[in-house]
Amino acid sequence: MSAPVSTRLTESELDQLQRSQSMHYNHYGRPPLPFACLGARGVELEAVELAGPRRGETFTLFDASGGYGSACLGAGHDTVRRSLQRAVTDTGYVTDEIASRERAVLLDRLFGAEGLWTDHFPGDAYHVAGRNSGSEGVELALRLVLESRFDPRRLRHRPERAKRDTILAFEGAWHGWTHGLLPFLNRRHYRVGLPGPVADHDYGLRVEHIPFGDEGALEEYFAANSERLLAVFVEPVQGDAGILLPPPGYLRRLSGMCGDNDTWLVADEVLTFAKTGRWFGMHDAQGPVPTDITVIGKSLGMGALSTSLVIARRELRARATGTISTSDLRPLTCAVLLDGIDHLVSEGLLKHSAELGTRLADRLQSGLVERFPGIFTHTRGLGVMHGVELSEAASAQLDVLRTHLISAGVYVEFMAGAGKRSHGLRYVYPTMRIAPPLITSQAQADEIVDRLGEGTRRFQETL
């Protein structure tokens, strides 16, 4: 384990950092973490402790979160730097009404005759829109689904879709914070006190939930509700639920059932994009799993931009000007996406992430679950998406555990877990997400697990 940097900040600098925490809106409902980032390179952050006996000391902090899963190339990557410089100086600026060279090159590279993603999305069958974030992308997907049952000329339902008033989501799902997406979260804590959809309105909507990965529950639901079902929204790997993977064949079965029942299938790949060892999580041994809409984000922006792409079948459209976005595939965004994706290809980073995932799975099992059975109970994942589930007892002290882990030199996030599920499935407790940048080396992955073990040891001593 490398030694921490042995420099100190002045009291004035520390006070400024703490004051900024009080000014920044606290989204988390708990005291701010007593740490600050001073800079970063690759997967390593220069951090400082703001409280306790090590107040003012700087140390090296490995980012096992990949910047909320978005910084696939880590910090300060030369490709991103060159891309931003090229984009600012050379690409110009134009709205989406006018074609740009950067947009043309990007879309041809991805969806053209020899495109990287043509096997998933043939360019003559799909069209694409850009948005600022994953949540905005899923909102657009929802809008396209809802518009598919509406006749904008006659301002009424399409007769053949008039009964389609239900969307199916999954227990533990996470699709974003925006108001239109709140009904997709089957957690009362997030929804109570906020207006929800009106199911009995002429254009009302019901959102229902079943457990993810349970084929029996899926068959049962379609048998009872297919005539009312408008769309299904699914994450190919459930993120906030605790990195839950479906059983083999489940996603393809879901896709087939949607196709057989004239139901749109929407894949939320905001988190999974480029993290599973492939571009997309909607993939199995037979190849790409068909979808009607796919939303990608996070890693798409290479850690430099917050952006998303909505890839939808061409027949899915909205009324004129109803979905315009200020940031829809502007030249700067297209330049960063193009250069970043080309770098992932040239450096073989998807293949690398698959190999890294195999090593991480083994190390997390032996180094955490088997070593600390009273704190961790399960590990699961693939590529650079792994979850280590906490025990019930450890869940009650999650914030204390996390502080020890960060102090030991590794930054991680904790997902809420799927909680209580129906159909007799077990409760899923909060889960530590390990999703480092794609550029993480095998040695750095080992260091991350070693530091997680050291932080857990310190936490265990406090119990």
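This is a predicted model: local features need pLDDT of at least 70, side-chain atom pairs count only at pLDDT 80 or more; totals for chains, interfaces and linings use all residues.
**View 1. Helix 4 passes helix 9 in a left-handed crossing.** A crossing is left-handed if the near helix is turned anticlockwise from the far one by less than a right angle, and right-handed if clockwise. Residues are numbered from 1 along each chain as its sequence is written, and side-chain values use heavy atoms, with hydrogens and water left out. Helices (H or I, at least four residues) and strands (E, at least two) are DSSP runs, numbered from the N terminus. Helix 4 covers residues 101–111 and helix 9 covers residues 331–346; their axes come within 8 Å and cross at roughly 35 degrees. Axes here are lines fitted to C-alpha atoms, for helices over the stretch in contact, and angles run from 0 to 180 degrees between N-to-C directions. Contact means heavy atoms within 4.5 Å. From helix 4, residues including Val 105, Leu 106 and Leu 110 take part, and they meet a set in helix 9 that includes Ala 335, Leu 338 and Ile 341. Sorted by class, this contact has 10 nonpolar, no polar and 4 charged residues. In that sorting, Ala, Val, Leu, Ile, Met, Phe, Trp, Tyr, Cys and Pro count as nonpolar, Asp, Glu, Lys and Arg as charged, and the others, Gly among them, as polar.

**View 2. Helix 7 has buried residues along one face.** Start with residues 215–225, where Ala 217, Leu 218, Tyr 221, Phe 222 and Asn 225 are buried. Seen down the helix axis, these buried residues fall within an arc of 130 degrees, so they line one face of helix 7. The arc is that of the directions from the helix axis to the C-beta atoms. Buried means under 20% relative accessible area, exposed over 50%, and partly exposed in between (1.4 Å probe, protein chains only). On the other side of helix 7 you will find Glu 220, Ala 223 and Ala 224, which are exposed. What do the buried residues of helix 7 pack against? Their partners are strand 7 (166–170), strand 8 (206–210), strand 9 (229–234) and helix 8 (250–260).

View 3. Two strands pair if DSSP finds at least two bridges between them. Strands 1 and 2 are antiparallel, with 6 bridges, and Arg 41 has Glu 44 in strand 2 as its bridge partner. Strand 2 (residues 44–49) is joined to strand 3 by 5 bridges, again antiparallel; here Glu 46 stands opposite Thr 60. Strand 3 pairs with strand 17 (residues 410–411) in the parallel sense over 2 bridges, and Asp 63 stands opposite Tyr 411. In strand 3 (residues 58–63), 6 of the 6 residues are buried, so the strand is largely enclosed by the rest of the structure. Both of its faces are covered, with Thr 58, Thr 60 and Phe 62 on one side and Phe 59, Leu 61 and Asp 63 on the other.

**View 4. An antiparallel open sheet of 4 strands has the order 15-16-19-18.** At its edges are strand 15 (376–382) and strand 18 (413–415), each pairing on one side only. From one strand to the next, the twist averages 30 degrees. Helix 10 (residues 349–369) packs on this sheet and touches strand 15, strand 16 and strand 19; its direction makes about 175 degrees with that of strand 15. Strand 16 (residues 385–390) and strand 19 (residues 431–434) share 4 bridges, and Glu 389 has Thr 431 as its bridge partner.

**View 5. Ala 274 sits in the loop between strand 10 (264–269) and strand 11 (283–284).** Is Ala 274 buried or exposed? With a relative accessible area of 0%, Ala 274 is buried. Leaving aside residues up to four places away in sequence, Ala 274 touches Trp 279, Leu 350 and Leu 438. The C-alpha atoms of Ala 274 and Leu 350 are separated by 6.7 Å, although the two residues lie 76 residues apart along the chain.

**View 6. Leu 155 has a positive phi of about 55 degrees, and Ile 243 also has a positive phi of about 55 degrees.** Most residues other than glycine have a negative phi. Leu 155 is in the loop between strand 5 (150–151) and strand 6 (156–157), and it is exposed, with a relative accessible area of 57%. Ile 243 lies in the loop between strand 9 and helix 8, and Ile 243 is buried at 0% relative accessibility.
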